[in-house]
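Please look at the sequence and the model first.

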Amino acid sequence: METLGFILLAIFVGIPVGIFLLKTVFIGFAFAVTAATSDNNEERGLSSIVTIACIIGVIGALAILMFIF
C-alpha cells in the first residue's frame, strides 16, 4: 500500500513540480540573456528582477522535491 501511495505522490506532485522547475529554468535563462544584452536600463532592471524570482522558484521547487522524495 505504501508503494501505491508513493507512486501516486510521484505522479500527482513530482511531475507538476518537475514541469514547473523546467519552465522556471528556461524562463530564468531567457530573462538572464535579455538582461545581459539589453541596452535599455528599464528592461535590464525588469529582466534582473524576473531572473532573481526564477532563481527563488528553482530553489523552492528543488526544496519541495527533496522534501517529498
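Is threonine 24 buried or exposed? Threonine 24 counts as buried, at 8% relative accessibility; buried means under 20% relative accessible area, exposed over 50%, and partly exposed in between, with a 1.4 Å probe and protein chains only. The model is predicted: local features need pLDDT of at least 70, side-chain atom pairs count only at pLDDT 80 or more, and totals for chains, interfaces and linings use all residues. Residues are numbered from 1 along each chain as its sequence is written, and side-chain values use heavy atoms, with hydrogens and water left out.

**The two helices**

Helix 1 covers residues 2–37 and helix 2 covers residues 41–68. Helices are DSSP runs (H or I, at least four residues), numbered from the N terminus. Two packed helices are described by the angle between their axes and the distance between the axes. Here helix 1 and helix 2 pack at an angle of about 155°, with their axes 8 Å apart. That makes helix 1 roughly antiparallel to helix 2, a term for angles over 145 degrees. The contact of helix 1 with helix 2 has 18 nonpolar, 8 polar and 2 charged residues. In this grouping, Ala, Val, Leu, Ile, Met, Phe, Trp, Tyr, Cys and Pro count as nonpolar, Asp, Glu, Lys and Arg as charged, and the others, Gly among them, as polar.

**Selected residues**

| Residue | Relative accessibility | Touches |
|---|---|---|
| Threonine 24 | 8% | Cys54, Gly57 and Val58 |
| Alanine 35 | 13% | Arg44, Ser47 and Ser48 |
| Threonine 51 | 14% | Gly28, Phe31 and Ala32 |

Threonine 51 lies in helix 2. A polar atom of the side chain of threonine 51 lies 3.4 Å from the backbone nitrogen of alanine 32.

Alanine 35 counts as buried. Between alanine 35 and glutamate 2 there are 47 Å in space, C-alpha to C-alpha, and the two are 33 residues apart in sequence.

Phenylalanine 12 lies in helix 1 and counts as exposed, at 62% relative accessibility. Phenylalanine 12 and glutamate 43 are 31 residues apart in sequence, and their C-alpha atoms are 37 Å apart in space.

Methods:
Axes fitted to C-alpha atoms, helices over the stretch in contact; angles between N-to-C directions. Parallel < 35°, antiparallel > 145°, perpendicular 65-115°, else oblique. Polar contact = N/O pair within 3.5 Å; in protein donor to acceptor, adjacent residues only side chain to side chain. Contact = heavy atoms within 4.5 Å. Lists of a residue's contacts leave out its neighbours within four places in sequence.
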